[in-house]
Structure formats: structure tokens, C-alpha cells
Amino acid sequence: MADSAEEVLQGSWDHDLAEALDSAGGDLDPEQDGIIQVRDLPPPQRAKLWMIALNVAGKGDSLSSWDGALDLSEQTLIHNRCQQLIDQLGLPVEDGRDLVADVEAVITFYCKSRNVTFTAELCWPHLLKPLLGLQLPRSDLYNCFYAIMNKYIPRDCVPKGRPFHLYRLLLQYHEPELCSFLDTKKITPDSYAMNWLGSLFSSHCLPEVTQALWDIYFQQADPFLIFFLMLIILVNAKDMILAQEGDSKEELIKMLEQSPALLEAEDIDDLFSLAQYYQSKTPLSLRKENQNLFGSSLVALKEEDMDLSQALCLPVSVPEILQANQLQPEGVRFFVVDCRPAEQYNAGHLSTAFHLDSDLMLHNPAEFALSVKSLLEAQKQSLESGSVASGEHLCFMGSGREEEDMYMNMVLAHFLQKNKEYVSIAKGGFMALQQHLADINVEGPDNVYVHWIVSTSGSHSSLSSADGELNSTGDGKGVKSLVNKMTFALKSKSVNVKEKVISFIENTSTPVDRISFTLPWPEKGIPDRHVSSSDRVGKPYRGVKPVFSIGDEEEYDTDEIDSSSMSDDDRKEIVNIQTWINKPDVKHHIPCNEVKETGHMFPSHLLVTATHMYCLREIASRKGFAYIQSRQALSSVVKITSKKKHPELITFKFGNNNAAGVEIVAVERYLIPNAGDATKAIKQQIMKVLDALESS
């Protein structure tokens, strides 16, 4: 009887946990109190919490197809590391022997399935140690390990690897003095943070600290958060680090490496709060331009990716610069500094940019010093006046050609040596700005983009002549029309400081609605899933009718879905909404809101044809137009579910039928008014499709 009561209580706890996590969506907005706060959880409950957060709850046994052979060339090393790990736990001999076998099997199968070689430097045993405390069966142990490796451990996590160059740029952006100190000592992040990143701090933190940290980290489901946690570790130790001026490089590295060991479980909430604050003060380009650090190996680093080891400071993309100053005051806003020569600036420049001629630094240091003073005063006054050009974050823009930007790099170094925080560089320079505006087809006097570029030369010159050879082939009609529509009062190079400041404030106090458009830019770094019919592997799911259930259904994407989702609004087709609604093959039109895993909602339209369901996401800046967000075959619908507490929140699961069973390839959620009528219509259409397939 007691056992029965305990099972009921256990089932209730599992149900509440699953519902709480599902309602939070796994990915949680750091501004909302959606994190499940847990302390002193028994291992079975913590196991369920982590497995649900890692999207592996209920996943099958990945090792079932393996013959169990322990025959890698590095097998002895693997066995010895596993034995060392288990010895640290101080378990009875028999229990320890079983755990050694489990850990060795997990590492060996991972090496074989991913075609990687285990080396002594890898942090995998540290990563497995917290999982062993959950008392998981071998299959779940592997699934959790795989999910963590796939989603949270960045690729190229090796000495001089890309993640450590990115981390140094982040440190420089927020703590230039500390970054400069470590650079002077020739201490690179990989020398002290390799195990931090490779083990998610489990290599140095006490078990209870690691558990508290992972409880929140996995629920946040943001792999980039690790960089900000690492940043806070150094920020908190800043005074102590700077006080060790006389210590040797080796002593400093040892002290830095041990910094996480000072954390206590009670510190974790504050650690995350600070990390989220610093994250809100960081350009989105940090994650946007580095999404391929995480996830499936199918998304490898591309050759054209910027070599971060050569970056002077944090690069920011042109689309983010253009959009950022339309955000609310608490967002990252840029004060753009155009460092090109005066003739290039006068021929055409970003309307909100301040001109700082970088040539002056060598040719006229006195005037350069005056210009810098003018720049800082202009930045201060623009912030006070609420100008559209105002921004706490300095972003320097050059021409985009390396040989011409040599002086700009010297100017950047000047600001960094002064320990100026929030310093970035416009990726690709003015050439990238020109190209971006050309790509989005700036043409005609009524186009809202026309105000971005202005000329101060008094002549009608095209953008291609303003800064090089872009569009010199004659196909830049749209770009040429841009400058021809605009002139500003002539500004000369010799204008004095006071006039420069006043002119800048006056010329950039334009109302926000003058540039009230939104360039395509994801709300958060976690990419959206976009599956087209061409993505399918295997035959469409058949043989089982789709289920529409009203109930508390566990609905979680697999880690594979998360890792492969790299779609971007920039690449999606733009269509006229009314034109699509009026298409003769559209049987149902359902206005709704698309709900992302982050909790963000986007006004959308579901269009159902005889065979497919389309999601059109409205474009805020272009009334009546939308992106084709997804296109799903009705025959691939596996399940449609809603929640009793939120019947208007509908979840669609799409899948394939293969030898291993049904594989879920996409999960989409929508907030639909009158959801009952909408889902009934969709279900009826699905049944028609399946009936037709079965009779064919």
C-alpha cells in the first residue's frame, strides 16, 4: 500500500515537472521568472529535470545497434581515465566496476559514431561526472552526454580554437583593462578556460555547485550563455587579478584556472543574473556570426568565416547597426564613427555617423586629439538629447578595404589602449553597407531606406563613386538613385569642434519614424527551425492516423532538431499575404501567432491547401507582406496537441517513418483564437490526405 502511494506521489511530481518545463518552453526568457528553482533534489528527480531540459526524455537506446566492441587504438587510455573518474567517487568495488563499464561504453561508442579520437586533454570524464550522480541507465547516460556535447560544447574547443578568440573579444568589449593586462602577460583564454568550457565548469566546481549551475543552464537552453558565465568569473576576480602584477605567468594562469572553485551553490542565481545583464549589453552579432560553433557537425565552420584571432575588436554586422538604434533605450545602441578620409565621407556616409578622419592621427595629432574630444562630447550630447544617432556603444566604420583601413585600425587601438569599453568595428565597412542596401533593393524616392546614406559634398554622386568600385558594372541603378535624392549642408574638414558637435546633434535628431523599418534579424541567437518538403528522409509517415488530443502532452524537440535549425529570415521568400490567401488551392486561412521556443510570438497566418500547411510570418516593416516561415506536408503530421489550461496553444509534430520507427523532424507551436474550429478543419484535411494515400 505504501509503495502504491509513493508511486502516485512520484507520478504527480513527474507530471508537474513536465508541465512546468513545457509551459516554460525549455528556452526561457531571462527577463521572466520561468526557471524552475530546485534545491536538494533526489537523483531520480534531477535526472528527469535534466533529461526533459536536454530533450532526451523518452528517447530510445542509441547503443542498441552497437556490437559493444572496445577495440579503439586509444582504448587503454579511455579505460584508465574512466577508472580514475570512478575512483574519485569512492564507491564499493562492484558498483564502481559497473560504472567504469558504462562510462567506457559511452565514450567508446561516441568516438566510433562521431569518428573522433579520444585524447588525454579532453574533458569528457569531467562532463560525465555530474551525470553519474543521477544513477542513469547506460542508454540515458549516453543520450544525456550526447545532447550536452552536441548542444553546449562548442566545436574547435582546442588550444587557439575559435571559441577562445571569441571569448577574448567579449572580455575586451566589456573589460578592456583586464583584457589588456592579460594580453600584456601573454595569457590567452585557452590557457586557463579550456576545462571551463569543455566541462561546463564541472572540472573545478564542487558537485553541488555544478548541479545548481546545470539546473539553470539546461533550462535556459542557450549555449552562448557559457561565454557570459565565464566572463562573470573573471569580472568578479578582476581586482584580485590586477593585484597580482608581480606574479609569474604560470602563477597567474593557475589562479585563473581555479577561480570557479570559489563558487558556492548560493552564488549561482547571482552568477546567472549578472551573465544575463552582460548579455543584454552585447551586440547580437556575437552569436549571430558564430552560430556554427554549436550543434550538428553538418554545420561546419565555413572558409569565409572571419578569423577571430586577427580581429582587433568585436565585429558587428551592418544589418544590426542599421536596426539597433530603433530599439528601446535599454537595448544595444551604436554611436557610429566613420573613419574614412574626408573626401570619401563627404561623397556619401551613414546619416547617423560621426566623422573622425583617421589620417589625422599621424598627419595632424593636435587636430586628431581635438576631433576625439569632439567625438566624445557629441556622443554624450546625443545620449542626453535622445537622438536617433545616440548610442553608448562605439562602432567604428572604415571603407572595408584592408589597405585603406590601416589608419582606422590605429584609431581603434588608441581607444582600446585608453580602456574604452563597448568598442566594436563594422564588419565589411562602408562597402558592406553599400552592398547591403543594394541587396535590399533601395530604389525610388519613396523608399524608406533612402535616408540611410547622405552626401555632404553638394554634388550628386553615386555610392559606387563614393567608396570604390561597387556596382561599377552599371547594375547599381538602385544604389545610384540613393545619393541623388539627398544633399546635406556642406561640411568642411576644418570646421571647429563646437560647430561639429552642434551640427551633428541637429542633423541626427531626426524622428525615429523617418527610419521606422525593421531589417530581418532574429529575436534571439537560438535559430528558428525551417523544414521544407525537400528535407525529408525516408517515406512520409503513414499507417497510423494523426492524433488530435486535448491533454497534458510532453512536447519536446530532439536535440538533433535544435542543432540543425539554421534558418534565417534573410534567406526566406517574401510574399504578399492577401495574394496567397486568395490562391484557389487555399482551403483554410487561420490568423494566429507563431510561438517560438524562446516564448517570442510573431503575428502569422496558417494556410492549408489540399496537401500542405504553410506558415506566413508577417513582416512588421512591410504591411501586407510576410516570410514563408515553413511549409509542411499534411501527410507528415504525427500529432496535434493542446493543453487543457491553454487550449488555444496548439502544437504540431511532423515526422517521417523509417526503420527505427517514427522520427520527429519538426515541432511548431501556434496561438490560435477559436483553436477548436481551426484544428478540426486541419484534421479533416489531414484525414483526406491519408485516406487518399492509403487507397492509392
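1. Lys160 lies in the loop between α6 and α7. Helices (H or I, at least four residues) and strands (E, at least two) are DSSP runs numbered from the N terminus. The phi of Lys160 is positive, about 65°, although Lys160 is not a glycine. Lys160 is exposed, with a relative accessible area of 69%; the classes are buried under 20%, exposed over 50% and partly exposed in between (1.4 Å probe, protein chains only).

2. The model is predicted: local features need pLDDT of at least 70 and side-chain atom pairs count only at pLDDT 80 or more, while totals for chains, interfaces and linings use all residues. Residues are numbered from 1 along each chain as its sequence is written, and side-chain values use heavy atoms, with hydrogens and water left out.

3. The protein chain has 27 helices and 17 strands. Of its 696 residues, 54% count as buried. Among contacts between residues at least 6 apart in sequence, 73% join residues at least 24 apart; contact is taken as heavy atoms within 4.5 Å.

4. Two further residues have a positive phi. Gln135, in the loop between α5 (124-132) and α6 (138-152), has a phi of about 60° and is not a glycine. The side of Gln135 that solvent can reach is described by a relative accessible area of 61%, so Gln135 is exposed. Most residues other than glycine have a negative phi.

5. Which residues of helix α8 (residues 176-184) are buried? They are Pro176, Leu178, Cys179, Phe181 and Leu182. The cover over these buried residues includes α7, α9 (190-199), α11, α12 (238-242) and α13 (249-257).

6. Helix α11 (residues 225-236) also packs against helix α14 (residues 268-280): their axes come within 9 Å and cross at roughly 110°. Axes are lines fitted to C-alpha atoms, for helices over the stretch in contact, and angles run from 0 to 180 degrees between N-to-C directions. α11 and α14 are therefore roughly perpendicular to each other (65 to 115 degrees; under 35 is roughly parallel, over 145 roughly antiparallel and the rest oblique).

7. On the α11 side of this contact are Leu225, Phe228, Leu229, Leu231, Ile232, Ile233, Val235 and Asn236, and they meet Leu271, Phe272, Leu274, Ala275, Gln276, Tyr278 and Gln279 in α14. The residues of the contact divide into twelve nonpolar, three polar and no charged. Here Ala, Val, Leu, Ile, Met, Phe, Trp, Tyr, Cys and Pro count as nonpolar, Asp, Glu, Lys and Arg as charged, and the others, Gly among them, as polar.

8. An open sheet of five strands, with parallel pairing, has the order β1-β6-β5-β2-β4. Its edge strands are β1 and β4 (354-355), each pairing on one side only. Two strands pair if DSSP finds at least two bridges between them.

9. How many bridges join strand β1 (residues 314-316) and β6? There are three, in the parallel sense, and Val316 stands opposite Ala426 in β6. Strand β5 (residues 393-397) likewise pairs with β6 in the parallel sense over three bridges, with Phe396 opposite Ile425. Strand β2 (residues 334-338) pairs with β4 in the parallel sense over two bridges; the bridge partner of Val337 in β4 is Phe354.

10. Strand β6 (residues 423-426) is covered on both faces. Val423 and Ile425 are buried on one side, and Ser424 and Ala426 are buried on the other. In a regular strand the side chains alternate between the two faces of the sheet.

11. Helix α7 (residues 162-174) lies across β1, β2, β5 and β6 and runs at about 90° to β1. α20 packs on the sheet too, touching β5 and β6, and its direction makes about 160° with that of β5. β5, helix α20 (residues 406-417) and β6 make a right-handed β-α-β unit: with the strands pointing away from the viewer, the path from the first strand over the helix to the second runs clockwise.

12. Ala378, in helix α19 (residues 365-385), is buried, with a relative accessible area of 0%. Its C-alpha atom and that of Phe354, 24 residues apart along the chain, are separated by 8.3 Å. Gln435, in helix α21 (residues 429-439), is partly exposed at 31% relative accessible area. The C-alpha atoms of Gln435 and Val318, 117 residues apart along the chain, are separated by 9.8 Å.
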